[in-house]
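Please look over the sequence and the three-dimensional structure shown here.

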Amino acid sequence: KQVFAVTRARGPAWEDSKPLEGQAEWSDHAAFMDAMEAEGFVVLGGPLEGMREALLIFRAASADEINARLAEDPWTKRELLRTTRIAPWTLRLGSLP
């Protein structure tokens, strides 16, 4: 499997007046992401401070696999998040679990 860097941005359904945990279906989204992390599909992830994007690091066979899995995220379905970029990443310094 290859390592990918993925950015996701807030979609049109995001409510700026609410915190992350106050968005619609927060617990379903969190459970979805936790499950992908538990299986090792998502290695790292979280919102970028002061930005409207999140950065995720995946171990996957392809970008298509990532897109297919993220399509099942409750926040993708509700248009709270959308994937903006998936790029193969060559890690040269440090290591991932």
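The structure contains eight salt bridges, a salt bridge being a side-chain nitrogen of Lys or Arg within 4 Å of a carboxyl oxygen of Asp or Glu. Side chains of opposite charge can pair when their charged atoms come close. The model is predicted: local features need pLDDT of at least 70, side-chain atom pairs count only at pLDDT 80 or more, and totals for chains, interfaces and linings use all residues. Residues are numbered from 1 along each chain as its sequence is written, and side-chain values use heavy atoms, with hydrogens and water left out.

One of these salt bridges joins the side chains of K1 and E65, at 4.0 Å from N to O. Because K1 lies in the segment before strand 1 (2-10) and E65 in helix 2 (residues 63-70), this pair ties together parts that are 64 residues apart in sequence. Helices (H or I, at least four residues) and strands (E, at least two) are DSSP runs, numbered from the N terminus. K1 counts as exposed, at 74% relative accessibility, whereas E65 counts as partly exposed, at 24%. For these terms, buried means under 20% relative accessible area, exposed over 50%, and partly exposed in between (1.4 Å probe, protein chains only).

A salt bridge also forms between the side chains of R78 and E25, at 3.1 Å from N to O. This pair links distant parts of the chain, 53 residues apart: R78 is in the loop between helix 3 (74-77) and strand 4 (81-88), and E25 is in the loop between strand 1 and helix 1 (26-38). R78 is partly exposed, with a relative accessible area of 42%, and E25 is partly exposed at 31%. The backbone of E25 has a phi near 60 degrees, a positive value in a residue other than glycine. A positive phi, near 65 degrees, is also found at E79, again a residue other than glycine. E79 belongs to the loop between helix 3 and strand 4 and counts as partly exposed, at 48% relative accessibility.

In the salt bridge between R69 and E39, the closest N and O atoms are 3.0 Å apart. R69 lies in helix 2 and E39 in the loop between helix 1 and strand 2 (42-47), so the pair ties together parts that are 30 residues apart in sequence. R69 counts as partly exposed, at 25% relative accessibility. Elsewhere, R10, D16 and R52 are linked in a network of salt bridges.

The largest nonpolar core has twelve residues, namely F4, V6, F32, M33, M36, F41, V42, L56, F58, A60, I66 and L70. Strand 1, helix 1, strand 3 (53-60) and helix 2 are the elements that give two or more residues to this core. Such a core is a set of buried Ala, Val, Leu, Ile, Met, Phe, Trp, Tyr and Cys residues joined through side-chain atoms within 4.5 Å.

Which residues does I66 touch, not counting residues up to four places away in sequence? I66 touches F4, V6, F41, F58, A60 and I86, where contact means heavy atoms within 4.5 Å. I66 is placed in helix 2 and counts as buried, at 0% relative accessibility. I66 and V6 are 60 residues apart in sequence, with their C-alpha atoms 8.9 Å apart in space. I86 lies in strand 4; leaving aside neighbours within four places in sequence, I86 is in contact with F4, A5, V6, A63, I66 and N67.

D73 lies in the loop between helix 2 and helix 3 and is buried, with a relative accessible area of 0%. Not counting residues up to four places away in sequence, D73 touches R8, H29, F32 and M33.

Finally, there is the largest pocket, with a volume of about 550 Å³. Its lining comprises 29 residues, of which L20, H29, G46, P47 and A54 lie nearest the centre of the pocket. Strand 1, helix 1, strand 2 and strand 3 are the elements that give two or more residues to this lining. On a 1 Å grid over the protein atoms alone, a pocket is an open set of points where a 1.4 Å probe fits, with protein on both sides within 12 Å along at least five of seven lines; lining residues have an atom within 4 Å of a point. Grid points are joined across faces, edges and corners, and a volume is the space filled by probe spheres set on the points.
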